[in-house]
Amino acid sequence: MVFLETKNLSFKYLDNSFTLSDINFSLDKGDFCLVVGKTGCGKTTLLKLLKKEITPSGELKGLVKIDGFDLKDYDSSKIVYMFQNPSRQIVSDKVYHEIVFGLEARGLEKGVIETKLAEIVNYLDINDLLEKHTMELSGGEAQLVSLASLLVLDPEVILLDEASSQLDPLTRKKFLEILKRINQDFGITIILVEHNLEDVLEFTDKIIVLDKGKMIYFGLKEEAINFLASNKQYFAFLPKTLQISKYLDLGSLLHLKDVKEALKNKYKNEINFSYEAKVFEKEIIKAEDLYYRYSKKEKDVLEKLSLTVYDNEILGLVGGNGVGKTTLLKNLAGIRSFYSGKIEIENKNIRKYKGNILYKNLIAYLPQDPLTLFLKRTVGEDLEYYVKSLDLDKALLEELLVKFDLKPLLEMSPYDLSGGELQKAAFTKILLSKPKILFLDEPTKGMDFSLREELKEILMDLKAKGATIIIATHDLEFIASVADRVGIMFNGKVLSLTDSHSFFSNSNFYTTVASLASRDLYDKVITVPELVEIAKKNGIKNEKDN
């Protein structure tokens, strides 16, 4: 029986910048639905149109009906929305207060509130977080607390906008498994906007594919997989296991163990995979015995950390939420000030760079929340003001606007951009100063796979022109494709720093799908293109080989 449906749903922003056109789909109660599509295609806009309190300003046509009611007449407290960044959702100082905030706002009795709190805290197993300050939470913890504050309201629909994009791979998997359990245990309808379909596709019921504001596909998971696989521009949206399966004619295998078995049964291993790790000599950043903590009462986030970054390399930093990747980047970029140790940039103590000299054609920093870079009403106003105030190259701005396809977004507010669009605008802004060293904190967050490929090309081009790039990321597949060296942060230090092929080949958890799928056959393979190439070079086994 149809529970949620849209009929000829169309939307246009006030500045005519974007349109959703004639969106028609229907979900049964308890469906788990994925919404996928390229950056800026309208996924976030569609999600916001399903909850009336956050519907953006603009021209709205068509209908949204839930449980037989028009959206305007439906009890909106039964629909909850989780943002991409939990910090934009959390309103209280303590975890306890955050979870019960909505219940208190409804005026429920203390005994009822405590019972509901006890149930949800035990269900999500977050007892150890109750007395924490919300500012102390890691990304994964903040997402769980936000989820608890929504679930305690007994919703019938949960809307999630890239809610796992800021989580490390292991935490992301746990978070998605919790969503699956919630969906199956309570029959809550879940609509999830995602670029990364790893670990989520297997328990999806239906998939919506949007393209430039139009719905080009809606259907059951199995049919949707065939649609994505047969469509060149959407093939990269498939999980890596399915990509490998399709490229190497293994069928449509979703689970890693099946891919590994099929590879061993079909392909030879007579030719070894080889690569050449680049050797760097010239140091550009050197950190020695760094110590940093946010207050005297808190534990050190960086503890006796030493790191050398070489000129013209791309260095990747991975690790769990809250281990100090962002803190390290900010210290290296001069945004935070370590209390002990030393940092040298181009053989000069970082403390001797006075005023803004460090950021004039030398360093640029892309923050994890790129919205903090924008101060003006529109994207265009902000970029023009930035160029004028710092006397930057206007011709470069025009070149970057074309390269990142930003001209259609210039009249939009930064707050109305999708996650990927915001990343593009922020990257444009930091490149205007022509930096020699770039610090990038989660640069692929909110980006679809085609946009990640564009970013990869831009980074490789910057490197070819002499730039040094340090990237903190949870996107293991991306960093494996661009980094010269990779290290993992743990316990205040950078560990296992080595060439990217050795790093991912020697890790069982912080690694790539291609590495896990192929390491029994071909040592040091870490990307899907590498695996496809070496497998085809080895060729298919004959019957007598088996």
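Pockets and cores

In this predicted model, the lining of the largest pocket splits into 13 nonpolar, 19 polar and 13 charged residues. The pocket itself holds about 1,500 Å³ of space. Its lining counts 45 residues, and those closest to the centre are Met135, Leu137, Ser138, Tyr294 and Gly322. Two helices, α4 (139-151) and α9 (325-332), are the elements that give two or more residues to this lining.

Next comes the second largest pocket, with about 1,000 Å³ of space. Here 43 residues form the lining, and Pro169, Arg172, Glu198, Asp199 and Val513 lie closest to the centre. At least two lining residues come from each of α5 (169-186), α7 (240-247), α13 (449-464), α14 (476-482) and α16 (513-518). The largest share belongs to α5, with seven residues. By type, the lining of the second largest pocket has 16 nonpolar, 12 polar and 15 charged residues.

The largest nonpolar core has 58 residues. Within this core, Ile99, Leu160 and Phe175 touch the most other members.

Take Ile99 as a close-up. Leaving aside residues up to four places away in sequence, Ile99 contacts Leu117, Ile120, Val121, Ile126 and Leu130, and also Val145, Ala148, Ser149 and Val152.

Definitions and conventions
Residues numbered from 1 in each chain as written. Predicted model: local features only at pLDDT ≥ 70, side-chain atom pairs only at ≥ 80, totals over all residues. Heavy atoms only, no water. 1 Å grid on protein atoms, 1.4 Å probe; cavity = no way out; pocket = protein on both sides within 12 Å on 5 of 7 lines; lining within 4 Å. Points joined across faces, edges and corners; volume = space filled by probe spheres on them. Helix = DSSP H or I, 4+ residues; strand = E, 2+ residues; numbered from the N terminus. Nonpolar A, V, L, I, M, F, W, Y, C, P; charged D, E, K, R; others polar. Core = buried A, V, L, I, M, F, W, Y, C linked by side-chain atoms within 4.5 Å. Buried < 20%, exposed > 50% of the residue type's maximum accessible area, 1.4 Å probe, protein only. Contact = heavy atoms within 4.5 Å.
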